[in-house]
Every structure is written in C-alpha cells, then in structure tokens.
Amino acid sequence: MVLTVDVGNTRIKAAVFEGSTVLGSFVFEKDQLEKEIKKILKKFQNCSDLVVASVGNIEKQSFLAFEKQLAIHFLTHEDPFPFINKYATPKTLGIDRMVLAAGATLQFPKQNRLVIDAGTCITYDFIDESDHYWGGAISPGLRLRYEALHNYTARLPLLSLEVPESYIGNTTAQAIHSGVVNGFVYEIDGFIDEYRTNFPNFIIILTGGDTDFLAKRLKNTIFANSNFLLESLNQTFQYKINND
Ligand SMILES: Nc1ncnc2c1ncn2[C@@H]1O[C@H](COP(=O)(O)OP(=O)(O)O)[C@@H](O)[C@H]1O
Ligand SMILES: CC(C)(COP(=O)(O)O)[C@@H](O)C(=O)NCCC(=O)O
Ligand SMILES: [K+]
C-alpha cells in the first residue's frame with residue numbers, strides 16, 4: 001500500500017492506494033499534518049511507502065517522524081518523469097505540475113493533453129503527443145480572486161463563493177460574484193478554445209478543489225477528476241520504482 005500526499009498552498013490532500021485502487025482519501029489543514037498522517041497510518045497499517053509532492057511550505061523534515069514506519073519519497077525535479085521537459089526554467093517548475101504532467105502522459109498515451117488544476121492557483125499544463133512538456137499558464141484561483149479583491153482595495157467586502165444572478169452585477173456583491181465566477185469560467189473556456197484551435201485532437205483533464213463547481217459551468221467538454229493529482233502521484237511513484 002502506498003500513501004500519497006499532495007501539499008498545496010491551501011490544503012493537504014492524501015490517498016491510500018493498493019495498486020491503482022483508492023482505499024481511502026483525506027483532506028486536512030497544514031497544521032494537522034502529523035496528527036492526520038498518524039491516523040491514516042493507524043487505519044492502513046500495511047502502507048509501505050509515503051509519496052509526497054509539496055508546493056506548500058512543508059518540507060521533507062515534516063515527514064521524518066514516520067521514517068521508522070515506512071519509506072518516505074519526497075519527490076523532486078531529480079526524480080524520473082515520463083516526459084521531456086521543455087520548460088525554460090525546469091528547476092522552478094512546480095512539482096505538482098510535473099506530477100500532473102506525468103499522470104496525463106501515462107494515463108493518456110500518444111495524444112495532446114491539457115491539464116487544468118483549479119486550486120489556490122489555476123495551472124495549465126500542456127504535454128504534446130510526442131510527450132514534450134511545454135508549460136502553460138498560472139493565474140489566481142477562485143478563492144484567491146475573492147480574497148485579492150478584498151485584501152487590495154479599501155471598499156470591497158470578502159465574500160464567499162456564490163453563483164452570480166447575471167453577468168450584469170447590479171449590486172457590489174453581485175458585481176464581485178460576476179467578476180470572480182464569470183471571469184474564472186470565461187478564462188478557462190478561453191484558454192481551451194485557444195488550445196483547440198492550435199491542437200485539434202487533445203484531451204482536457206480538469207482537477208483541483210474547484211473541479212465540481214467548474215465542470216458543470218464550462219462550455220467545453222472535459223474529463224473532470226478531482227483525484228487526478230493523487231492518482232498521478234501514485235503513478236509517478238510506480239514509474240520511479242521502474243526507472244530509478
Ligand atoms: N473546504 C474548502 N477549503 C478551502 N478551499 C476549498 C474548500 N472547498 C472547496 N475549495 C476550493 O478549492 C480551491 C483550492 O483548491 P485546492 O485544490 O484545495 O488547492 P491547493 O491544492 O492549492 O491547496 C479554492 O479556490 C476553493 O474555492
Ligand atoms: C503555481 C503553483 C503556485 C500552484 O500551486 P497550487 O495552486 O497547486 O497550490 C505551484 O505549482 C508553484 O509554486 N509553481 C512554481 C512556479 C512554476 O510552476 O513555474
Ligand atoms: K493549482
């Protein structure tokens with residue numbers, strides 16, 4: 001059994017795998033890391049490996065307490081990945097984006113793939129049919145947009161996610177909801193249209209904390225899977241075992 005852990009900038013997500021089957025999945029806050037991992041390992045005592053991808057402020061040391069119990073694999077750029085990295089600054093590429101690209105390459109062979117991760121940030125990652133990873137885009141995620149409007153203005157309130165009544169917001173609140181939610185959806189559909197124009201045959205994978213909210217609002221057809229990063233972590237680990 002493998003315990004995969006994804007440390008994002010908002011929350012931690014974890015899942016236990018037996019082969020490619022998910023036996024359990026978990027979401028928790030960063031300050032609960034040690035306590036939650038302990039609980040998971042108590043429930044799944046046959047876990048032999050813990051695989052981590054972290055883009056948050058949690059480093060390898062945070063997992064050393066579990067070293068006696070199972071092998072810790074803290075993924076880095078030095079690990080083997082199943083694509084050719086054409087990013088011009090590969091050392092600064094987020095490890096979460098590398099894992100997503102690995103999952104897309106392994107799960108959807110020989111086709112153009114666009115992975116959209118709607119998390120703290122929205123990340124777009126493009127891997128072509130020859131398994132070249134080219135990069136994509138980074139923009140503020142849904143929650144971050146609400147927070148940024150509030151934190152960097154004097155008069156805008158901090159609102160919780162709400163579906164706007166119309167694209168013409170007729171109150172301050174409705175104007176914010178329209179700007180944030182419609183802007184978010186239009187941006188993603190706009191990027192997808194741009195890729196579709198240039199790459200006729202390709203698959204779009206949508207993941208991240210806003211997957212479900214977003215999936216039903218996009219005009220484009222996508223493959224939505226909020227567990228895609230954890231599944232990709234498991235696959236990246238299997239790939240590492242076979243290629244190290
Ligand atoms: N309980 C929740 N706590 C925080 N964010 C949530 C929650 N439920 C849904 N979200 C949405 O998930 C997004 C963060 O996604 P997530 O994948 O958890 O981020 P990250 O991987 O960067 O930590 C936010 O934009 C927010 O709208
Ligand atoms: C872009 C990100 C902040 C996204 O993080 P997330 O939304 O998943 O928490 C992360 O992938 C990162 O820190 N990337 C480094 C810069 C880059 O990928 O080029
Ligand atoms: K992201």
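**Reading the ligand site**

Analyst: Begin with the domains. In this predicted model, domain 1 (2–74) and domain 2 (84–233) each give at least three residues to the shell around ligand 1.

User: How many residues surround ligand 1, and which are the closest?

Analyst: The shell holds 13 residues. Gly8, Thr10, Gly119, Thr120 and Gly209 are the closest. By class, eight are polar, three charged and two nonpolar.

User: Where does UniProt place the feature "binding site"?

Analyst: Treat a record as an annotation, then check it against the coordinates. The unreviewed UniProt entry lists Asp6, Val7, Gly8, Asn9, Thr10, Arg11, Ile12, Lys13 and Thr120. These positions span 115 residues in sequence, but no two of their C-alpha atoms are more than 13.1 Å apart, so they gather at one spot.

User: Where is Thr10 placed, and which residues does Thr10 touch?

Analyst: Thr10 sits in the loop between β1 and β2. Beyond four places in sequence, Thr10 touches Gly119, Thr120 and Gly209.

User: Why does Thr10 count as partly exposed?

Analyst: Count C-beta neighbours. A residue is buried at 20 or more within 10 Å and exposed at 12 or fewer. Thr10 has 17 within 10 Å, so Thr10 is partly exposed.

User: What about Asn9: where is it placed, and which residues is Asn9 in contact with?

Analyst: Asn9 lies in the loop between β1 (2–7) and β2 (12–18). Setting aside neighbours within four places in sequence, Asn9 contacts Val55, Gly56 and Thr120. Asn9 counts as partly exposed because 15 C-beta neighbours fall inside 10 Å.

Note on methods:
Residues numbered from 1 in each chain as written. Chains lettered and ligands numbered in written order. Predicted model: local features only at pLDDT ≥ 70, side-chain atom pairs only at ≥ 80, totals over all residues. UniProt positions renumbered as here; feature names shortened; annotations may be inferred. Helix = DSSP H or I, 4+ residues; strand = E, 2+ residues; numbered from the N terminus. Contact = placed C-beta atoms within 7 Å. Near = placed C-beta within 6 Å. Nonpolar A, V, L, I, M, F, W, Y, C, P; charged D, E, K, R; others polar. Domains from an automatic or database assignment.
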